[in-house]
Amino acid sequence: MSTALIMQLITVMALIEGIPPETALTIAKMESNFNMKAVGLAGEVGTFQILKSSSKYSKTKLRNPLVNVKEGIRMLKEAKANCVHQKDNTWVLCYNLGHTGAKKIKQPKKFPYYIKYVQNKEQLREKFKNYKKLMYVKE
């Protein structure tokens, strides 16, 4: 699946689930550069770099672009709704660290993940703010 199609899929799924598409696109860009074949050092797979232990799906299923994006968006939605950090988009910490791990972070703005995702998110957000144009990309 091409990067353009992955980006379209992320945009549609994010809109359906009430997640700002630019946020979902930014996380996918930061996690894997939209690479469905990406495998992380801890065994996380796909566009959203999902660990089997964090998902109800098998590693094999998580390699499916539709499953990976659907699960990644679900996890983003859960993080946004339940994270202890809600100020200034710090809820994205819960996506990467989980809710338990994020609770241990007392000063999110000093945490390296915050610097990487939340601060860089604003730069990438500009790039993805016109996400509606993604819906008309021709292959």
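**Exercise 1. Work out which parts of the chain the E17–K77 salt bridge connects.**

Start with the pair: the side chains of E17 and K77 form a salt bridge, with N to O at 2.9 Å. Helices are DSSP runs of H or I with at least four residues, strands are E runs of at least two, and both are numbered from the N terminus.

Now check the surroundings. E17 has 29% relative accessibility and counts as partly exposed; K77, at 38%, is partly exposed as well. (Buried means under 20% relative accessible area, exposed over 50%, partly exposed in between, with a 1.4 Å probe and protein chains only.)

A word on the ground rules: this is a predicted model, where local features need pLDDT of at least 70, side-chain atom pairs count only at pLDDT 80 or more, and totals for chains, interfaces and linings use all residues. Residues are numbered from 1 along each chain as its sequence is written, and side-chain values use heavy atoms, leaving out hydrogens and water.

**Exercise 2. Trace the salt-bridge network that links E71, R74 and E78.**

Step one: E71 pairs with R74 at 2.9 Å, N to O. Both lie in helix α4, three residues apart, about one turn of the helix. Step two: R74 also meets E78, this time at 3.0 Å, N to O. R74 and E78 are four residues apart in helix α4, again about one helical turn.

Step three, burial: E71 is buried, at 2% relative accessibility. R74 is partly exposed at 34%, and E78 is partly exposed at 36%. For the tally, the structure holds three salt bridges.

**Exercise 3. Decide where in the chain the confidence is highest and lowest.**

Begin with the layout: six helices and zero strands. Then take the overall score: the chain averages a pLDDT of 81, and 65% of residues score at least 70. (pLDDT is the predictor's confidence in each residue, from 0 to 100.) Finally, compare helices: α3 (residues 59-62) comes out highest at 95, while α5 (residues 92-103) is lowest, with a mean of 66.

Key. A salt bridge is a side-chain nitrogen of Lys or Arg within 4 Å of a carboxyl oxygen of Asp or Glu.
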